[in-house]
Amino acid sequence: MPSPTSSATSSPSGANGTRRGRPGYDQQTVLNIAVDVFNRHGYEATSMGILAENLGITKSAIYHHVPSKGDLLRLALENALGGLEGILDDPQASSGPADSRLEFVLRGTIKVLTERLPFVTLLLRLRGNTEVERDAMERRRQFDRRVAELVDAARSEGSLRSDIDPRTTTRLLFGTINSIVEWYKPGGSLSAEKLADDIISMMFDGLHGKP
């Protein structure tokens, strides 16, 4: 999967077809700061003036990189959704026992959340007030439905317990993983790999100690 700084990066076009930014800024730098501001103030409450103030540049300089605030949102959401959808495109998500496929997808989801934390945070806080937001929310629902199908398949194979309502299982899985954006601190004592191990262990084995 691409890193959070590798997707949707470009700057205004030069003679050779590439896009270049103002000194000290490229489109990805502008995008990273914009996402941080969106998460702190809310997308709707963030004006181009606020973005310019946080970037330390003029509003016209922002337009040098992107046509509008909506384009910044679109690029940010593509960063998050592209990572999540890429998990489902991997062959390991579509072959083998259902519980193994489910674990692969859940681990991949945790990896995307931890690597692209600000972008996924923005995705999870959408309200659906613009077409860009509504399209992103529908893509997220499609992802969720694919994971729910894996839960059902694992139950049918007998690798997941069947006495719990499958909708409850799915909601708890998503609730646990999505909560990462609210409390996980990259670079802290809990590594992303250990976090994934702990969450998968709890989800599949529960909290009871081994006899």
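**Buried rings, pockets and helix packing**

Me: In this predicted model, is Phe 38 buried or exposed?
Reply: The relative accessibility of Phe 38 is 2%. A residue counts as buried when its relative accessible area is under 20%. Phe 38 falls under that cut-off, so its class is buried.

Me: What type of aromatic pair do Phe 38 and Tyr 43 form?
Reply: The structure holds 2 aromatic pairs. In the one formed by Phe 38 and Tyr 43, the centres are 5.0 Å apart and the planes lie at 75 degrees. An angle over 60 degrees places a pair in the edge-to-face class, so Phe 38 and Tyr 43 are edge-to-face.

Me: What is the angle between the planes of Trp 183 and Tyr 184?
Reply: Trp 183 and Tyr 184 form an edge-to-face pair with 6.3 Å from centre to centre. The two partners are classed apart: Trp 183 is partly exposed at 42% relative accessible area, whereas Tyr 184 is buried at 6%. Between the planes of Trp 183 and Tyr 184 the angle is 85 degrees.

Me: What is the volume of the second largest pocket?
Reply: The lining of the second largest pocket includes Phe 38 and Tyr 43, together with residues such as Leu 122, Arg 125 and Glu 133. By class, this lining holds 5 nonpolar, 3 polar and 4 charged residues. The space in the second largest pocket comes to about 220 Å³.

Me: Which residues lie closest to the centre of the largest pocket?
Reply: The largest pocket has a volume of about 530 Å³. It is lined by 17 residues, and the closest to its centre are Arg 161, Ile 164, Met 202, Met 203 and Phe 204.

Me: Which helices each supply at least two residues of the lining of the largest pocket?
Reply: The lining of the largest pocket consists of 9 nonpolar, 5 polar and 3 charged residues. The helices that each contribute at least two of its residues are H5 (98–115), H8 (166–178) and H10 (192–205).

Me: Against which helices do the buried residues of H6 pack?
Reply: H6 is mostly covered, with 6 of its 8 residues buried. These are Leu 117, Phe 119, Val 120, Thr 121, Leu 122 and Leu 123. Their packing partners are H1 (27–41), H4 (69–89), H5, H7 and H9 (180–183).

Me: With which residues is Val 147 in contact, leaving aside its neighbours within four places in sequence?
Reply: Val 147 belongs to helix H7, and its relative accessible area of 2% makes it buried. Val 147 and Leu 102 are separated by 45 residues in sequence, yet their C-alpha atoms are 7.1 Å apart. Beyond the neighbours within four places, the contacts of Val 147 are Leu 102, Val 105, Leu 106 and Phe 174.

Me: How far apart in space are Ser 94 and Leu 150, C-alpha to C-alpha?
Reply: Ser 94 lies in the loop between H4 and H5. Its relative accessible area of 55% makes Ser 94 exposed. Ser 94 and Leu 150 are 56 residues apart in sequence, and the C-alpha to C-alpha distance is 9.4 Å.

Me: What share of the contacts with a separation of 6 or more is between residues 24 or more positions apart?
Reply: The protein has 10 helices and 0 strands. Of its 211 residues, 38% are buried. Among contacts with a separation of 6 or more, the share from residues 24 or more positions apart is 63%.

How values were computed:
Residues numbered from 1 in each chain as written. Predicted model: local features only at pLDDT ≥ 70, side-chain atom pairs only at ≥ 80, totals over all residues. Heavy atoms only, no water. 1 Å grid on protein atoms, 1.4 Å probe; cavity = no way out; pocket = protein on both sides within 12 Å on 5 of 7 lines; lining within 4 Å. Points joined across faces, edges and corners; volume = space filled by probe spheres on them. Helix = DSSP H or I, 4+ residues; strand = E, 2+ residues; numbered from the N terminus. Nonpolar A, V, L, I, M, F, W, Y, C, P; charged D, E, K, R; others polar. Phe/Tyr/Trp six-rings, centres within 6.5 Å; stacked < 30°, edge-to-face > 60°. Buried < 20%, exposed > 50% of the residue type's maximum accessible area, 1.4 Å probe, protein only. Contact = heavy atoms within 4.5 Å.
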